[in-house]
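Please look over the model below before reading these notes.

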Amino acid sequence: MDRKRFAEKPELLAPAGDLARAMTAVRYGADAVYLGGPQFSLRSRASNFTLEDIAEACRFAHEHGSHVHVTVNMIPHEEDYDGLKEYLVRLQDIGVDALIIASPAVMELAGKYAPETEIHCSTQMSVTNAGAARFLYDTLKIDRVVLARECTLDDVRRITADSPVATEAFIHGGMCVSYSGRCTLSNRMTLRDANRGGCAQSCRWFYHLYDGSAEISTENSLFTMGSKDLCAVHEIAALWEAGVRSFKIEGRMKTEYYVASIVSGYRHLLDDLYEHNGILASERLEAHRREIMKGENRAVWNGFYGGVRGAEGLISDLKAGNDVNHDFLGTVADYDPAAGTMTMVTRNPFDLGEAVEVLSPGQENRVFRISEIKNENGEYLEISRQPMKELRLKVPFAVRKDDILRRSREDDH
Ligand code: SF4
């Protein structure tokens, strides 16, 4: 292992579907967030960002030493260019750090109209070899390439060694069953263009299978093409050693709870690897994986990093995938140190006596048992069943506004 590689921390890059999630990602340790504006982005249906929101995300991220990358990664048809130049100028003016682009023509325009802003080649361009990375760097002056999710670890090593451009690699989140987005399933089944921001995730639907007129699937084993999610905890040290500059988490459609949990988990893992020159005992690595999986609800695998493989990466039936192991109970609204109580805003039901885990940016997670619940009238409660209610709970340690509260499903109560 080349320990010198671990002298510099790579970027942890998190998804944000709206301003609140961008701020949460930054608070929980993301070095950069990526988001889509109202136009020209894949996942445009997932985006709740106006240009004002993007400006606010930039202000907040920069104040915290983080960066903002904006996706301009649709595959444009002729009619899609209206307003693009003005949009690129505006993104540069409001302080966006990088544009994630999937079309050579848009890259060329960005170089002309937003020359101060970095250009990152989107994973949609499926870069799987050093020659492609070099070509994009030489001809379109890109600053970074987001590697195809279909790269093996050996591919990543060769690209980082044999091309001059910085690399970014996915470490967690959803995978396309097709070559990252190069797919028209959604177009054909829903008339929503996957490559112009409209993917309906048709690969994840459940299908009845027929052999002629006889159904061969059953209600309990319907067919799906969906891929398991990526979880590269065990590959991160190798990716880091290979020289990857940025580790990317997928999930602009995911909740604030997911963003906080996954970013916090990988933040701790990267910091631990940094402190130990890239070498962690397998039990320690497994502890990080378990922590990250508290926020993940789907079955995971290590993607293509271990080599191109078969059906083990697919969700093959209804039972695979729904692996919820924690419930999001709510967030902290305020803390009263004199009384040792907090106000929380509820999300999911809970009872007196249950063990609650607190996620707080920059801290190890802590657990306490609920010994007292009061409602807004000061009445004692034994259960909480309504979402979005403010309740007062005793808590044995200091908490902070926006800390996240969750409960393990394995707890014996
Ligand atoms: S339908 Fe599935 S494979 Fe196709 S683009 Fe959407 S997520 Fe990817």
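**Notes on helix packing and the overall fold**

1. Helix α1 (residues 19-27) and helix α2 (residues 51-63) pack at an angle of about 10°, with their axes 10 Å apart. Axes are lines fitted to C-alpha atoms, for helices over the stretch in contact, and angles run from 0 to 180 degrees between N-to-C directions. α1 and α2 are therefore roughly parallel to each other (angles under 35 degrees).

2. The model is predicted: local features need pLDDT of at least 70, side-chain atom pairs count only at pLDDT 80 or more, and totals for chains, interfaces and linings use all residues. Residues are numbered from 1 along each chain as its sequence is written, and side-chain values use heavy atoms, with hydrogens and water left out.

3. From α1, Leu19, Met23, Val26 and Arg27 meet Asp53, Glu56, Ala57, Phe60 and Ala61 of α2 (contact means heavy atoms within 4.5 Å). By class, this contact of α1 with α2 has six nonpolar, no polar and three charged residues.

4. The chain holds ten helices and 22 strands. Helices (H or I, at least four residues) and strands (E, at least two) are DSSP runs, numbered from the N terminus.

5. Of the 413 residues of the chain, 53% count as buried (under 20% relative accessible area, with a 1.4 Å probe and protein chains only). Among contacts between residues at least 6 apart in sequence, 68% join residues at least 24 apart.

6. Along its principal axes, the C-alpha trace of the chain spans about 65 × 60 × 50 Å.

Note on methods. Parallel < 35°, antiparallel > 145°, perpendicular 65-115°, else oblique. Nonpolar A, V, L, I, M, F, W, Y, C, P; charged D, E, K, R; others polar. Buried < 20%, exposed > 50% of the residue type's maximum accessible area, 1.4 Å probe, protein only.
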